[in-house]
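Thanks for coming. I have one model to go through today, and I will keep it brief.

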Amino acid sequence: MTTLQQLIGTDLPLIQAPMAGVQGSALAIAVSNAGGLGSLPGVMLSPDVMRSELAAIRAGTGKPYNVNFFCHTPPVPSAEREATWRAALAPYYAEFGIDAANIPTGPGRNPFSAEVADLLAEFKPPVVSFHFGLPSEALMAQVHGWGAKVLASATTVEEAQWLEARGVDAVIAQGLEAGGHRGHFLSHDLTRQLGTFALLPQLVHAVKVPVIAAGGIADAAGVAAAMAMGAAGVQIGTAYLLTPEATTSALHREALKSRASRHTALTNLFTGRPARGIVNRVMRELGPIGAAAPEFPLATSGIAPLRAKAEAQGNGDFSPLWSGQNATGCRELPAAEVTRELAQGFH
């Protein structure tokens with residue numbers, strides 16, 4: 001049977017989770033050079049920035065790397081839903097002296113597209129990963145056409161089987177502990193979401209492709225546990241957030257190092273889709289899951305000016321402080337060192 005290392009061409013069956021907003025090419029290069037699979041999150045990058053980041057990776061490493069994209073269907077904006085959202089945020093706008101009438105609406109994240117695929121084809125990244133399902137068959141064929149391996153996140157057995165039937169080369173079992181956006185796409189029912197070590201063996205049993213464990217794995221012991229339960233490899237994000245190569249903000253870093261990191265929750269307030277982050281003021285006061293928040297990614301524009309004002313005052317009350325449930329592995333070490341320490345779990 002093909003190992004994950006053979007499939008993706010790395011020394012280690014370890015993937016650095018793509019984390020939009022807190023990293024760029026530097027982290028991906030460091031992890032790839034240390035023997036893992038470094039990842040570049042492409043979802044928030046303009047074509048020009050994506051091209052320069054891919055060029056930086058190509059210059060910085062000769063090792064395989066991954067580029068990650070979202071596959072959501074952009075929602076039709078609803079004036080009514082937007083008004084409800086602005087009304088929910090109105091007390092905060094008043095507190096910070098923000099004129100809600102001047103806040104633009106619009107998407108913050110774009111799904112994978114033909115234009116992006118054409119840009120990627122110039123660089124032919126060895127691995128491309130997807131979140132929230134997969135792009136069209138034609139786009140999948142284009143990605144596979146230059147020899148790339150395709151990975152995608154599954155949060156249920158049904159999603160893993162759906163992905164396998166559509167040709168993914170490996171499935172990422174994203175447990176409920178994972179930081180950032182939930183990858184669910186067949187059902188929005190959060191009660192169907194499982195913890196990593198409940199989900200992992202079910203997916204290993206349900207599909208023939210390699211299964212990569214993600215969520216709550218923060219040290220070598222966690223890596224070893226995942227491998228013992230049948231994982232072909234692991235994907236790790238939160239443990240890299242304090243590395244110098246990450247672009248994690250000072251506020252976010254402080255939260256990760258504090259006791260606040262022990263309390264995370266799934267919230268849709270920042271983007272419109274459930275994502276795990278450290279509980280802060282807006283999550284406490286509005287409730288982490290708010291019915292008023294517009295569909296992903298339209299919630300972003302309403303909260304963005306509050307985030308900017310609060311961050312200027314030195315607080316993260318309105319910032320998405322993404323983190324998994326286990327931030328114990330978060331250490332201020334170079335990414336290569338974090339990778340080597342995690343790799344002890346493979347022996």
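First, the conventions. This is a predicted model, in which local features need pLDDT of at least 70 and side-chain atom pairs count only at pLDDT 80 or more, while totals for chains, interfaces and linings use all residues. Numbering runs from 1 along each chain as its sequence is written, and side-chain values use heavy atoms, with hydrogens and water left out.

The protein has 13 helices and 11 strands; these are DSSP runs numbered from the N terminus, with H or I of at least four residues for helices and E of at least two for strands. How does the radius of gyration compare with that of a compact globule? For 347 residues the globule value would be near 20 Å, and the protein has 19 Å, so the two agree. That radius is taken over C-alpha atoms, and the rule is 2.2 Å times the number of residues to the power 0.38. Along the principal axes, the C-alpha atoms fill a box of roughly 60 × 45 × 40 Å.

Of the 347 residues, 56% count as buried, meaning under 20% relative accessible area, with exposed over 50% and partly exposed in between, for a 1.4 Å probe and protein chains only. Among contacts with a separation of 6 or more, 67% are between residues 24 or more positions apart; contact means heavy atoms within 4.5 Å.

Now the cores. A nonpolar core is a set of buried Ala, Val, Leu, Ile, Met, Phe, Trp, Tyr and Cys residues joined through side-chain atoms within 4.5 Å. The largest has 68 residues, and Leu-54, Phe-69, Phe-112, Leu-120, Phe-130 and Tyr-240 touch the most other members. Leaving aside neighbours within four places in sequence, Phe-130 has contacts that include Phe-69, Phe-112, Met-140 and Val-150. Another core, of 21 residues, lies apart from it and includes Leu-89, Phe-96, Ile-98 and Ala-299.

Last, the loops. Thr-238 sits between strand S9 (233-236) and helix H10 (250-257). Is Thr-238 buried or exposed? Thr-238 counts as buried because its relative accessibility is 11%. Beyond four places in sequence, its contacts include Met-19, Leu-256 and Ser-323.

Ser-323 is in the loop between helix H12 (299-312) and helix H13 (335-343). At 0% relative accessibility, Ser-323 is also buried.
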